Every structure is written in C-alpha cells, then in structure tokens.
Amino acid sequence: MPAIPRGTGAVSGTVLSLLAAGAIGAAAGTGGFTFVYARGASYLGHDAAACANCHIMQEQYAGWLKGSHRSAAVCNDCHTPAGFLGKYAVKGLNGFRHSFAFTTGWFHEPIQITAFNRGITERRCRECHADIVDQVAGPHGRGETVSCIRCHASAGHLQ
Amino acid sequence: MTGDPTPPATEPAGPARIASPRILAVVAVAAAGVTLAVAALLVNIFERKQEARSTFVRVVALDDTTQDPARWGEDFPQEYDGYRRTVDMVRTRFGGSEALPRVPTAADPRDTVSPSRLDADPRLRTMWAGYAFARDFREERGHAYMLEDQLYTERQAVAQQPGSCLQCHASVYVPYLRAGGGDLVRGFRLLNAMHYQDARRLVQYPVSCIDCHEPSTMQLRVTRPGFILGIRAFKASQGIRDYDVNRDATRQEMRSFVCGQCHVEYYFQGPEKQLVYPWFNGLRVEQILAYYDSVGQNDWVHALTGAGVLKAQHPEFEMWNQGIHARSGVACADCHMPYLRVGAMKVSDHHVRSPLLNVNRSCQTCHRFSEEELLARAEAIQERVFRLRNQAMDALVGLIGDIESARHSGRGDADLATPRSLQRRAQFYLDFVEAENSTGFHAPQEAQRILAEAVNYARQGQIALRDRSFRPSVAR
C-alpha cells in the first residue's frame, strides 16, 4: 500500500508502543502495590502469623497458639515438605488455590484439608516422630495404614 | 520492555523494526486486563481488611426500650438477615414443617400452616383426651411464627388460655418492665394472671433481639423470670445458694441458657396461672415428676380414664442437659446458631433451625466426617428413638383402653387408683420424649431409657388391672 506514507506507520507504531509500555507499567505498578499491601512477602517466610493474614485461617492459628506444637513447629513444618524445592512448590500451589478460593468464596465451610495436603502433614508427623512411629506404623488389616492425625487431631491445633 | 525505538544506524529505520501494531494492541489490552484483575483483587483485600478492623457500624442508638428488631437490624444487618429467615418452613426426617396452604377465615387469617401432628398420629388424641392439645397440635414452626401460631391455634377456642403463655410466645421484656413499673418479675406475675387476650394487647413482636441481648454491649442475658427463678431453684437443689444467672453464668453457659429460657418443661401454678419451671429436685424426668407429685399438680383429668395426668412441654433444655453434647460443653448455639463467615467477619447464624439442615457448619466444625455420614448418624439415633416411642405409644393406648373398659364395667376409684397412677407416670415419661423437639438426639440414651420405663409403667398398669394383688415397681 504505497499510498500510506512510511512516516505515519512509524508514528502510530510509536504511539502503540508507548501505550503498551504504559499499560504494562500500570499492571506492574498496581501488582507491586497489591503485593506489598497484601503483605505478599510474608508468605515466603516462616512466620505462622502470615497464614492468618487473610482471616480465613484465624481459628486454625488461634488453635495452634493454644496447642502443644506451638513451641515445636510452625505451620510450614507440618504443612509443607522438608526440602527447599518441595516447600516452595507447595507454597506456590496452595498460595494460588487459597487466593482463588478466598477471593471468590468458592470453598467448603468449615474449611477442609485436601487429600494431597493431608498426605504432606502425615509424612511430616512421621519424619519428626520417626523413633516412635517406626515401632507402631505398619499395615493394619488389608494394607490399611494408621493415620497419626485421626487420633491426634488436637496436636497441631487445639480443638 | 516494548519495541526498541533506536535501531542500529546501518539498518533503515521503519515499521519493520517496531513490533507490529496488532501485537502492540494485544499487549496493551492484555496489560489493561491484568491491571483490572489486580485492582479488583486489591479492592477485595482492602474490603476484607476493613471488615476485620470494624465488625459493626453503629447507625442507630439502641437502648433498653428498643423492641423493634428492624432497628437493631440497622446496626447488625447480618444477624437481622438470619433472624428474618426463621420464616422458612423446611422438613427434616422427623421434625421441621412443610408449608401447607389453607383458606384464611375471619377467625384465622393464616394462609399457611404446618401439618397436624394429631392427624399424623391419632394415638395422640387418645393420650390427651379431655385436654386442649387433643383439639389442635401441629408441627412447630420457626421463631417468626411464635406469636401468630399461638394466637390462632384452635386450643384458644376450647380453653381460656392465660397470659403466662406469652412469656415465650412474644417479646415480653419491655412489656414486663412497663407493667411492673421497672420490676421485671412483678410485670411477669401481672401478665401471667391476665387472660391471654388481654395480655396479648400489651405485646407487639415475636421474640426479638432485646430478649437475649443487652443493648449497649450485646452481651447475652436472660430476661425470662420463669428461667431466672427456675435455674435458681435448680442450683439450690445442688447446694448452690443465691444463684443469679445474669451474674454467675459463664459466656458459654449463656449460649445455652438464653435458649433454655423457653425450650423447657413448665406448668401453671394455682388459679393465677403463675408460670413455674419444675426444677426444684433436678432436671431429670423422674425428678420433675416427683416435684409434680409432691405439689399434687394435675394438668387435667383424663377424659377416658379419670386419671389426673400431666402434659410435658418441649423439655429440650432438660433433655440436652442429660446428653453427651452438654457434657462436652457444646452449647445450643454451637449447633443451632453456628458461626458463619461473612467476608472477614464471623457472625453467629441467627437463622435458628435444625442442625440437620446445616450439617457442615453445625457438625463438621468438630466432627471430621462427610455430611452424608453425619446425617446418617443423627437419623439412625432418631429412627431408633422413634421406633421405641411408637411402642410406648401403643402400650399407653392399651392401658388407657383397659382402664376405660374397667371403668365402664363399674370398677370404682379405689380399684383404679394404681392403674391410673401408672398411666400418669407412663404418659408423662412418653410425652417427655414425644414433646421434646429432637426425637431423642439431644440425649439418645436418656430418651431410650425414659421410653423403656414408659412401656414398663404402661404394661404394669395393665397387669394391675388384672391382678389386684400386683405391686408395681416404680424406679425413683
């Protein structure tokens, strides 16, 4: 299309580039502010209070404060795997799920742990309490295994 | 971030070096979309943080004379919203009520009623023969209906009902204070002694916020003199002197006591129809019956047998007290008004109803099983209680029929004294479970014990009719 002068295309291209840059900048700025306002960095750390930031876990946090494990373990110790990669992968996965569920309100009341996360907690019990667990764990009946938190439900959060 | 506007000098400047306008447009729109989503999230987080900061906003000033629940609702919209929902009519397997349409009449303008229990089980008419309950008795409805259902029940047509009924069928706190000149108990006694129709003119609302809450702090309080005096007598029977419920009860106890103000067994004492909770010996059925026996109380004389008998009235508080939930410190409100999350706020659900309609919030807070499993457990208990209740009902109707025939065949009062006293006992025990609104769930083993004893008393009554030398064994 030789009818359109080259200069016009360059000008509209520049305007669009500025617009796109501005839009991305706005997204980054709002996102950054939201991250700080919502105390996003606290989720990367180890402080149990961070887990009650969004109010949903207030009862669990209050229960933990009164429970026997408060002096031995924080949320992360029982609810994320031990290694660096596993810990942050699970934090990322649950972080996304929680943000989505709590923003939309689409979750079961009272809140329930998923099978995946229950598995993590069960493994974490056994890692710290290996000495005792080794002696009692084992198949019960047809390949069933005992669950620690079925009986010790109040160990983490006092009920 | 975007296209580089300074290309190397060796190459000609031109649109080829800048990303195509179409891609740039897509990038701009996508970035705007992300910004929008992030801003929405930001606002959502902001709202939650605000909710967590201030749990209520005072819009109107409430004081100890504010009766209208709508005014309280301006300050506490979540609670008021739930309170208004007690108009719902929903069945559970053994209770609740479905809405039946009815043609309004001049005497009774209701266009909806709950099903008749008398039609569902005609044996109730035999049990209550000669008493107003044999005329009209329906499934209970929600709190919202308490005033109109009592005003329009046909029981009003067959007996002069006293003003005492209103203690639990209306918001009476302010009317009692007004009538008593600031003295709650005096106002209570004055209204008790009135005819229902006269006392009815002094009340305006069904149970309202002010009946359970202190208006400046929202703290729970007991306002029903019947309970204040009743629990005092009960505590005295346990050796606790001068018990003042509003001073001495814990917060968790109050979460049951405010319900126990009304969901209890009671009777009308003397010609002035003073409302009394019969807890002077204790809360168990035999202790209550022993009290009635000691004061010679008969609610009415049975039309078919001539026995002086008693009507048990919804003893939920007494039954709950014998159960495992009470023993574990679980209050009425924990299951019937469970906590509800509204944004970042936690409110207790003022839509008071059967926990079986709200298993997740009512039961799963403590019991980690599926809703289906928990419902099945509750219904298994109720099913077993209901079966034995039916057996007890048959036994009682059998005894009533036998006494009636003995009477017609000319046997005198002296001869019938023992069977009649066994009828009184069997009937009160059975009614204690029948009138209790949980089909035994509030205390499953206690309910079964009471029903089993009711069967035993009814059958002993039949033996006593046949064998004059028979000496009944009555457990105390």
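A:Pro110 sits in the loop that links helix H4 (84-104) and helix H5 (115-128) of chain A, helices being DSSP runs of H or I with at least four residues and strands runs of E with at least two, numbered from the N terminus. The peptide bond that leads from A:Glu109 into A:Pro110 is cis, with omega near -10 degrees. This is a predicted model, in which local features need pLDDT of at least 70 and side-chain atom pairs count only at pLDDT 80 or more, while totals for chains, interfaces and linings use all residues. Residues are numbered from 1 along each chain as its sequence is written, and chains are lettered from A, with ligands numbered from 1, in the order in which they are written.

**Backbone of chain B**

- Most residues other than glycine have a negative phi, and most peptide bonds are trans.
- B:Met218, in the loop between helix H10 (196-200) and helix H11 (225-237) of chain B, has a positive phi near 70 degrees although it is not a glycine.

**Packing of H19 and H20 in chain B**

- Helix H19 (residues 371-408) and helix H20 (residues 413-434) of chain B pack at an angle of about 155 degrees, with their axes 10 Å apart; the axes are lines fitted to C-alpha atoms over the stretch in contact, and angles run from 0 to 180 degrees between N-to-C directions.
- H19(B) is therefore roughly antiparallel to H20(B), given that angles under 35 degrees count as roughly parallel, over 145 as roughly antiparallel, 65 to 115 as roughly perpendicular and the rest as oblique.
- The residues of this contact between H19(B) and H20(B) comprise 13 nonpolar, two polar and four charged, with Ala, Val, Leu, Ile, Met, Phe, Trp, Tyr, Cys and Pro counted as nonpolar, Asp, Glu, Lys and Arg as charged, and the others, Gly among them, as polar.

**Contact between the chains**

- In chain A, 27 residues are in contact with 31 residues of chain B, contact meaning that the C-beta atoms of two residues, placed from the backbone, lie within 7 Å.
- Helix H1 (residues 6-37) of chain A gives the most to the side of chain A that touches chain B, with 19 residues.
- That side of chain A divides into 13 nonpolar, twelve polar and two charged residues.
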